[in-house]
Amino acid sequence: MEAGTISRFVQPTKATSSSVANFSSNSSMCCPRTRLMPTCHSAHVVRETYYDEREIAVLSSEPIIKKICVLGGLFLHRPVHKRDIVSRAFCPVGLYTHPGSTIESSSQTAEEKIGVLLFNLGGPDTLHDVQPFLFNLFADPDIIRLPRLFRFLQRPLAQLISVLRAPKSKEGYAAIGGGSPLRKITDEQASALKMALETKEVPANVYVAMRYWHPFTEEAAHQIKRDGITKLVVLPLYPQYSISTTGSSVRALQNIFKDDSYLSRLPVAIIESWYQRQGYIKSMANLIEEELHNFTKPEEVMVFFSAHGVPVSYVEDAGDPYRDQMEECIFLIMKELKARGINNDYTLAYQSRVGPVQWLKPYTDEVLVELGQKGVKSLLAVPVSFVSEHIETLEEIDMEYKELALESGIEDWGRVPALNCTSSFISDLADAVIEALPSTMAMSTLTSTGTEEGVDNDPMQYFIKMLFGSLLAFVFLVSPKIVSAFKKNIL
Ligand SMILES: C=CC1=C(C)c2cc3[nH]c(cc4nc(cc5[nH]c(cc1n2)c(C)c5CCC(=O)O)C(CCC(=O)O)=C4C)c(C)c3C=C
Ligand SMILES: [Fe+2]
């Protein structure tokens, strides 16, 4: 891999192997674009408290372009600073070498202890966990992006939305057995990866860091420190990069690491996206090819890629590379299938939208109906943004979308399983880890925290904000008209 080339960052979606980011201890060098835009490292720290009383600071930033956000069903225009868009969306993508830093050698010394940290979203283990899990999700400023002026409403709003959304989410989780399978599958993937690394003679400890439910990122970070890990590779279990997934977890990790003298010096490499790796592409093509054989006329089946959506503003205003990476990913999978003589028609749509804002289009449900109307009779659904079975494959695709497709005239329905622990896939992840090892360096210790940190650290101001925010949330909650409008339009 070429270290330190700016073009790697400018065009992250064109990388040929996984995109790796490493962090220097000099915050001003966190983004290769600093050479072009010296202020792109600017960041502010805001405070976010998890439902279970754990506290974590997350990095946030302000954008220059006008951006529409939603606040309790009301649209707000949010000023956006372009320099921060660059730092949020693109800094972490690509391989960058701080000119003054030494890159550690990949050869393992006797004292070296390699750690691999798997990022995942997390999911409620039981129905009782659903509302607090949703609270954690909506309290993340990378999931509900409020203007800085209204950031004090983040937690009251998260409380309100999580309470209102919980019944619908609970129904979904109840339909798939009363909780999310994510923790179990991610633990299995971690064990399989550990074994694959051992087979490749790179012994490592593998840790799981969930963003919104146990085991939280802090738990994993503390364990890494306790185990005396000397080199860490961070591997998100999202093939494509999004501000809302990998971006959010990276920022959470940066904030944990920067406050700890051991962790802030730990050499780290972050694999930001890996959808373009041949091992992943071939594993996906294998699953599709196998599943096509279950149809009576495999060549007539429409291959229907369904990706988790994000609000359009993430891509168009905040520079999220998610859509570009998704489109390139689908192109690469289809290219692989064509090379095997499989020339089926295919399409890509986005599922799982939440709230009244515009999400990436076309929407899965609308496309299914259109395809049915156009006379498509056989369809193979391929979940493509996530590598484990979860509520959106087991409930949304297997139940809701299947029913909709059959009602719309599609007669033969199939669904490609998630990769889970498929051995060719896990083996490729192990290769990605090994390839990233030479790029490890100390994670950024960002100190440029802007004014917001000071304000949030002032207990009186924090109390006033919380009080005001809670009052507003209370007004929403006691007004049945607002609540019913909110439920109808947002959830
Ligand atoms: C690439 C994957 C994902 C992206 C991008 C993403 C963005 C995103 N999600 C929400 C809202 C919700 N997500 C929920 C669950 C959930 N989402 C993903 C993946 C991505 N999300 C996963 C793996 C899961 C967990 C599934 C499980 O099995 O537990 C939920 C809760 C479930 C529900 O009620 O539907 C919500 C809500 C937003 C708003 C967003 C981007 C801004
Ligand atoms: Fe989601």
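Which helices each supply at least two residues of the shell around ligand 1? I put this question to a predicted model, in which local features need pLDDT of at least 70, side-chain atom pairs count only at pLDDT 80 or more, and totals for chains, interfaces and linings use all residues. Residues are numbered from 1 along each chain as its sequence is written, chains are lettered from A and ligands numbered from 1 in the order in which they are written, and side-chain values use heavy atoms, with hydrogens and water left out.

**Entry 1: the ligand shell**

I found that α3 (130–138), α4 (154–175), α7 and α13 each supply at least two residues. Helices here are DSSP runs of H or I with at least four residues, strands are runs of E with at least two, and both are numbered from the N terminus. The largest share, four residues, comes from α3.

I then looked up the residues around ligand 1, where a residue is near if one of its heavy atoms lies within 4 Å. There are 30 of them, and Arg165, Ser169, Tyr173, Ser180 and Ile391 come nearest. I noted the division of the shell into 18 nonpolar, ten polar and two charged residues. Ala, Val, Leu, Ile, Met, Phe, Trp, Tyr, Cys and Pro count as nonpolar, Asp, Glu, Lys and Arg as charged, and the others, Gly among them, as polar.

**Entry 2: polar contacts of the ligand**

I looked for polar contacts with the ligand, that is, pairs of N or O atoms within 3.5 Å. A polar side-chain atom of Ser169 lies 2.4 Å from an oxygen atom of ligand 1, and one of Tyr173 lies 2.6 Å from an oxygen atom of the ligand. Ile391 places a backbone N or O atom 2.9 Å from an oxygen atom of ligand 1. Taken alone, ligand 1 exposes 800 Å², of which the protein buries 96%; the areas come from the Shrake-Rupley method with a 1.4 Å probe.

**Entry 3: aromatic pairs**

I recorded five aromatic pairs. Rings of Phe, Tyr and Trp (its six-membered ring) pair if their centres lie within 6.5 Å; planes under 30 degrees apart count as stacked, over 60 as edge-to-face and the rest as tilted. Tyr238 and Phe386 form a tilted pair, at 5.7 Å centre to centre and 45° between the planes. Both Tyr238 and Phe386 are buried (under 20% relative accessible area; exposed is over 50%, partly exposed in between; 1.4 Å probe, protein chains only).

Terms used:
Polar contact = N/O pair within 3.5 Å; in protein donor to acceptor, adjacent residues only side chain to side chain.
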